[in-house]
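Subject: Structure handover

Hi,

Here is the structure I promised to pass on. Please load it first, then read the notes below.

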Amino acid sequence: MGNPAAYTPFLDRFVLERICRRTDSGGFHQLLGRYIMGSLKGSNLTNVKRQNESAIRDVIYRYGPISRSEIAQMLSLTPPTITTNIARMMEQGLVYECGRLGAEAGALGRRRVKIDFVADAAFFVGVEMNPYQIAICITNLRGVMTAEARIPWKRREDGFVLSEELKELLRRIDGNDYRGSLELLAQVILNLMTVSGIDKKQVLGCAMALPGLIERKTGTLKKSTLEAWNDRPIARDLSRLLDLPVLLENNARARAMGQKLFYQGELPEDFAYYLISYGIACPLYIGSRILDGGQQGAGEAGHMVADLNGPRCETCGNAGCLEELASERAIVKTVTRLMESGRDTMIREICPDLDFLSSREILLAQECGDELAQKVIDQALLYLGAALANIINLMNPSLVFVDSYVMKLMKNRRRLVEDTRAHIFGLYNDEVEIEFVEFDHFTGAKGAAAAAIERYFINGEGAQTFG
Ligand SMILES: [Zn+2]
């Protein structure tokens, strides 16, 4: 495909991106030509109408409150097209007029009304299942949570009380009962909707975020540590149980999507999202589009080789993967090994039962000046910094978000930035910003909701059809 920018004297770049995404490369020039000439007929006309509506929604989502004329200008669409689309959305209760431009617009004799989405016009379900917990939330269009539920795998959290229903869900997942787990998960989601008082008709879709390789087209988990769930058509099965469209997404990518949609402020087109959790991943947005890769496996930074003679990776079986050296699970494994060999540490008092050891206790010890905890975390940070520098040197993002429980401690943030900057190729060093995502149990679930918002609201795709 040619460079879309070459065709953009009158079209905003992301309109083009949307066209590109929906057509093969051969069809691109053809469609663009017809789009410009306004000579579309039949089903193509329907497509363009849909694309226009999706582009308008995208602009309102990103820049709202915004006036109709500003939208027309940004999209190079005619004012009647904008007016018709907005009128339809208003009828549906999706947008509202929320203010007017000030005196300078009045002086022109015509006040320009600003419009924006009614945040509570639609709701979305986001679920993240990761090795630590299941988090479920219902958010409105702007990612504000109206209902939530969370289930830690191990009862490590003081005073955390689980309902019988959630306990049973855990039992079924632990027992590798795929069908039973999914049925109960659907029940929990439906109960959350009831409790929050949301009309189910307002819920447009659900997204489930899981670690591992996802085949998005079929909504299937291809490779993950959740053995009983691998190769199952999870999206289809959950969709039937909920009677809602459901999509499946990798959890690190979902978190990056959440940042893209809900970030307060302007985001650069190129940014990376470095998730350091039980495993490690680093999805990338390039030119405002998330990088997929051929098998949609781009961003698996955890399996970059960090030490040729390193330990076997628990996830993929190869030697020396970054996540086997520097993830939270690697940190816990190293601390456990050192403690078993008799090393002195206050972690023994903090966590007498090593089966329940997590980064939480190790961080607590580090904060109290424990030497062993400090040493193990410093070593992990060295690997994490070097790997991040590699990613920056290769892809040159303008901004990197770091999402990690380990980064709750300020000194770990400083250390990671130092260790990264020590390896960044000179030209990029001043240009790349590193921003830390404040730790939150619902970051992944909200990210999943963002994936649902993008597909089912902004792109306006309805229920997935499964063959
Ligand atoms: Zn690996």
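Two residues are in contact here if their C-beta atoms, placed from the backbone, lie within 7 Å. On that basis, take the contacts between residues at least 6 apart in sequence: 61% of them join residues at least 24 apart. Keep in mind that this is a predicted model.

Overall picture

The protein has 467 residues, and 37% of them count as buried. It holds 18 helices and 16 strands.

The core

The largest nonpolar core has 112 residues. Within that core, Met-208 and Ala-452 touch the most other members. H15 supplies the largest share, with eleven residues. What does Met-208 touch, leaving out residues up to four places away in sequence? The list is Val-127, Ile-234, Leu-238, Val-246, Leu-248 and Ala-448.

Two helix pairs

Two packed helices are described by the angle between their axes and the distance between the axes. Two pairs are worth a look.

H10 and H18 come first. H10 spans residues 251-262 and H18 spans residues 443-458. They pack at about 70°, with axes 7 Å apart. Angles of 65 to 115 degrees count as roughly perpendicular, so H10 is roughly perpendicular to H18. On the H10 side, the contact uses Asn-251, Ala-254, Arg-255, Met-257, Gly-258, Leu-261 and Phe-262. On the H18 side, the residues are Thr-443, Gly-444, Lys-446, Gly-447, Ala-448, Ala-450, Ala-451, Ile-453 and Glu-454. By class, the contact of H10 with H18 has eight nonpolar, five polar and three charged residues. Ala-448 of H18 is also one of the residues that Met-208 touches.

Next, H14 (residues 359-367) and H15 (residues 371-395). Their packing angle is about 110°, and the axes are 7 Å apart. H14 and H15 are therefore roughly perpendicular to each other. The crossing of H14 past H15 is left-handed. Ile-362, Ala-365 and Gln-366 in H14 meet Ala-373, Gln-374 and Ile-377 in H15. That contact has four nonpolar, two polar and no charged residues.

Around H4

Arg-68 lies in H4, which runs over residues 68-75. Is Arg-68 buried or partly exposed? Arg-68 counts as partly exposed, because it has 18 C-beta neighbours inside 10 Å, and a buried residue needs 20 or more. Arg-68 touches Pro-79, Ile-82, Thr-83, Ile-86 and Ile-115, not counting residues up to four places away in sequence. Arg-68 and Pro-80 are twelve residues apart in sequence, and their C-alpha atoms are 9.8 Å apart.

Backbone points to check

Most residues other than glycine have a negative phi, and most peptide bonds are trans.

- The peptide bond from Gly-64 to Pro-65 is cis, with omega near 0°. Pro-65 is in the loop between H3 (42-63) and S1 (66-67).
- Ser-76 is not a glycine, yet has a positive phi of about 50°. It is found in the loop between H4 and H5 (79-91). With 13 other C-beta atoms within 10 Å, Ser-76 is partly exposed.
- Asn-396 also has a positive phi of about 50° and is not a glycine. It lies in the loop between H15 and S15 (399-404). Asn-396 counts as partly exposed, with 16 C-beta neighbours inside 10 Å.

Best regards

Methods
Residues numbered from 1 in each chain as written. Predicted model: local features only at pLDDT ≥ 70, side-chain atom pairs only at ≥ 80, totals over all residues. Axes fitted to C-alpha atoms, helices over the stretch in contact; angles between N-to-C directions. Helix = DSSP H or I, 4+ residues; strand = E, 2+ residues; numbered from the N terminus. Parallel < 35°, antiparallel > 145°, perpendicular 65-115°, else oblique. Nonpolar A, V, L, I, M, F, W, Y, C, P; charged D, E, K, R; others polar. Left-handed = near helix turned anticlockwise from the far one by under 90°. Core = buried A, V, L, I, M, F, W, Y, C linked by C-beta atoms within 7 Å. Buried ≥ 20, exposed ≤ 12 C-beta atoms within 10 Å, placed from the backbone.
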